[in-house]
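Here is a brisk report on one structure. Keep the sequence and the 3D view open while you read.

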Amino acid sequence: MNRNTIPHLFLKRVEGFGDRVALREKDFGIWQEISWDEYAQHVRGFCLGLIELGLERGDHVSILSENVPEWLYADLAVQAAGGISVGVYPTNPAPEVRYIVGHSESVFCVCQDQEQVDKVLDVKHDLPLLKKIIVMDMKGLRNYRDPMILPFEEVEGIGAEVHQKDPDRFQALVDHVRPEDVALMVYTSGTTGPPKGAMLSHRNIINMIESLSKAMPFYNTDELISYLPLCHIAERLLSVLLPMYIGYTVNFAESVETVTEAMREIYPTVFFGVPRIWEKMLSMVVIKMKDASWLKKKIYQRMMPVGERFSEYNLSGGHPPLFLRFQYWIAWLTLFRALQMELGLSRARLAISGAAPIGPEVLKYFHSMGVEVLEVYGLTEETGVACMNLPGNQRLGSVGPPIPGMEIRIAEDGEILMKCSHIFEGYFKDPEATARIKKDGWLYSGDVGEIDEAGSLKITDRKKEIIITAGGKNIAPSEIENRLKFSPYINEAIVLGEGRKYLAALIQIEYENVAKWAQERGIAYTTFKSLAQNKEVYELIHKEVEKANKEFAQVETVKKFKLLEKELDHDDEELTATLKVRRKAINKKFGHLIDALYSGK
Amino acid sequence: MPHLEIRELFLSFGGIKALIDVSLSVEKGIIHAIIGPNGAGKTALLNCINGVYRPDRGRIEFEGHDLTRMKPDEIARLGVGRTFQNVELFRNMTVLQNLLLGRHNHFRSGLFRGGVQGYRNPEEVDHRKKVEEVIDFLEMERWRKAYVKNLPYGVQKRVELGRALCMDPEILLLDEPTSGMNVEETEDIARFILDIHEEIGTSIVLIEHDMGVVMDISHMVTVLDFGNKISEGPPHVVQNDPKVIQAYLGEEQERERKTA
């Protein structure tokens, strides 16, 4: 029965690691440990419970929750039963929940709490296939009389009874799962159009984690904090799939807001962050430094350049001279060690950035303080990772060489094409879209890039997002946007200029930092809007834009900009669930602002 | 038998009659709202219940005890918890410390033993456990170790509610728990009050100006006006009582009529 499926892999790990710690969850202020055996018990109970409630092979189950162990139990239980699990972002508003649960034809919804249940109940009448809503935390739901609602423990209880009567049932179910079956579906965030459900088979995933573990050194002593949405393939790989292959421990913070605190308690050895997280950490340090004591400020100002020079030598592959090495040692003692501790990164052996392009300035900053942030690149459609920078051999501005088993070709128009054993099975109920992206064995990524002499891939931008100005110049907006976002006062920047004479930008200020800046200067404001309308704030951002402009060619500079008077929000459809900007929605919503930018008003 | 029974209560400050012949009974396990225009005597009534004011006449009975002659701390020990209109927390202490203070009535060991044993005291562990339950219940994990003075107002009010909950109260007196909050914070607090009602089953006496909250969550409403009780009943009944509309909502309607 040595078959290559996720549940088999899981059971093999449980067999070998039994009482070692698989998961840790902070509950009532204390880190509670969950062993692989207990992990397996939950999975088995929930799986058999679902079968008892009528789950059949090939059925879909949606999971709406933040990162908690129950997410993993439900995920693996569904797969062990031969079903397909579908992650839904807990931040998705009700209409998107309806779309995903409806489109995936889910028969069960596993919800974290009242908030998620309310969303599903809101749209229940549109979901005729839905049998039960299973709830992890019943708080506030005791008086709901809806017969569809069922507590999570009750399902596990039903399953435990089944297991007692028929102890071989679970193994039999697992043995029925075949490597070619679809294991999970990931709904792509869809910067254009409605989300599409990418189907990934057991085989896809096993192939992916095998190549990943070859590419990067993971150990079973590693510690990871799971905090990014699990429906995203990157977090799924790191929190659910790789741990069962490698055997490392996954930690869950109490809530998304306490992740920084959890970092300082766990000191993870593997840490994955989207560029937003890294940018946020960076601006936190910069801002906190402004408040620091005179001595700390001096040390920071003196030692940061030492780190920069040191990291330049390392990045270019050279050996830093002895005196610089000595200086860096001092800098480490006086500054970088404390900084790393403060950020919870002092043990981070693998610090990874992915899911969106990151500015090289951000990477350089972390590199100077001794945290090597590795940029990775990949698509949901090829199960997550295609290229990655390797520890000790990082090339800033590139996403690194392809991982083992990945073949990359650049098409004539610059589009990146991929061939590997983990290309997805297709989009659910959308053969047309599948045919558009999967052609004669190659996956058409939709990104434009080139491969350099060392074999590293450099991404220019999304194919659709390349701006062609009225002067016929091709410009990649993401590079400029990332440089702008490097400023601690800029949260989001959207560069425009398609068919126009020059580039312009819509900028959203970083509320907290700008508010602080304003308070220090006694500038009166009440809300985000009044702050964004302030003349002095405009001047502040203007200076930041000028600073960024210096690093680009004349045609690539931002000539004009406007500050957004509201914060972009997922609920208002301006951002995707992964906080990527939806350009179409922005163009429509802020059309008047954009026109004003080009009409000279 | 009612959980809390107030009979013919009179309270005056010199010539000002704050409460005139107010009778009120709160059933066990329900949310009982007290509403009324400013100066109607709502807070004075709560102050009488937990012993801050001593009424001139009348009787307040809670689970068979007469509260009118007891001191505030004795009343608290009986299981009467309370929050205040303006936040009354220790601003220079952390949330955790403020919540632990809510347990102070339950501490059994004396100054000496507590001082010598410190954190090794098993009693202290139990109290911390209770506090952690409350933190979990009110979703305050991220502020556990933050100083109260650094927290936004809405959160401070939540901490105060938490401190009252730490007392393990039988009945909770909440004095305008949503005042000064934005819509989202108000919704949160209303949800927490409902959660307390459903999960713990504590009786709740609630003074509230936000009519939306009152109509949505309370089972019973008492209306005070210039110290007199003018109406009582389930929310929808009180809402349509002409006396209430005149005394309380009337102001607004008149204003609306004028602007229209």
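Helix α5 covers residues 114-122 of chain A, and its buried residues are A:Q114, A:Q116, A:V117, A:K119 and A:V120. Buried means under 20% relative accessible area, exposed means over 50%, and partly exposed lies in between (1.4 Å probe, protein chains only). Contact means heavy atoms within 4.5 Å. Helices (H or I, at least four residues) and strands (E, at least two) are DSSP runs, numbered from the N terminus.

This is a predicted model: local features need pLDDT of at least 70, side-chain atom pairs count only at pLDDT 80 or more, and totals for chains, interfaces and linings use all residues. Residues are numbered from 1 along each chain as its sequence is written, chains are lettered from A and ligands numbered from 1 in the order in which they are written, and side-chain values use heavy atoms, with hydrogens and water left out.

## Nonpolar cores

The largest nonpolar core has 135 residues. Those with the most contacts inside it are A:F10, A:Y39, A:W278, A:L345 and A:F366. A nonpolar core is a set of buried Ala, Val, Leu, Ile, Met, Phe, Trp, Tyr and Cys residues joined through side-chain atoms within 4.5 Å.

Take A:L345. Leaving out residues up to four places away in sequence, A:L345 touches A:M263, A:Y267, A:F271, A:W278, A:M281, A:Q340, A:F366 and A:V371. A second, separate core has 32 residues, including B:L99, B:W143, B:L165 and B:L174.

## Two helix pairs

Two packed helices are described by the angle between their axes and the distance between the axes. Axes are lines fitted to C-alpha atoms, for helices over the stretch in contact, and angles run from 0 to 180 degrees between N-to-C directions. Helix α2 (residues 36-52) and helix α3 (residues 69-80) of chain A pack at about 55°, with axes 8 Å apart. α2(A) and α3(A) are therefore oblique to each other. Angles under 35 degrees count as roughly parallel, over 145 as roughly antiparallel, 65 to 115 as roughly perpendicular and the rest as oblique. The crossing of α2(A) past α3(A) is right-handed. A crossing is left-handed if the near helix is turned anticlockwise from the far one by less than a right angle, and right-handed if clockwise. From α2(A), A:Y39, A:H42, A:V43, A:F46, A:C47 and A:L50 meet A:L72, A:Y73, A:A74, A:L76, A:A77, A:V78 and A:A80 of α3(A). This contact between α2(A) and α3(A) holds twelve nonpolar residues, one polar and no charged. Ala, Val, Leu, Ile, Met, Phe, Trp, Tyr, Cys and Pro count as nonpolar, Asp, Glu, Lys and Arg as charged, and the others, Gly among them, as polar.

Helix α12 (residues 294-315) and helix α13 (residues 322-343) of chain A pack at about 130°, with axes 9 Å apart. α12(A) and α13(A) are therefore oblique to each other. Their crossing is left-handed. Among the contact residues are A:Y300, A:M303 and A:F310 of α12(A) and A:L324, A:Y328 and A:L335 of α13(A). The contact of α12(A) with α13(A) comprises 13 nonpolar, three polar and two charged residues.

Helix α16 (residues 477-485) of chain A is mostly covered, with eight of its nine residues buried. Those buried include A:E481, A:R483, A:L484 and A:K485.

A:A493 sits in strand β24 (residues 490-496) of chain A. A:A493 is buried, at 1% relative accessible area. Not counting residues up to four places away in sequence, A:A493 touches A:E481, A:L484, A:K485, A:L506 and A:I507.

## Single residues to check

Most residues other than glycine have a negative phi. A:E573 has a positive phi of about 65° although it is not a glycine. A:E573 lies in the loop between β26 (558-563) and α20 (583-589) of chain A. At 49% relative accessibility, A:E573 counts as partly exposed. B:E8 also has a positive phi, near 45°. B:E8 is in strand β1 (residues 4-13) of chain B.

A:K12 belongs to helix α1 (residues 6-17) of chain A. A:K12 is exposed, at 53% relative accessible area.
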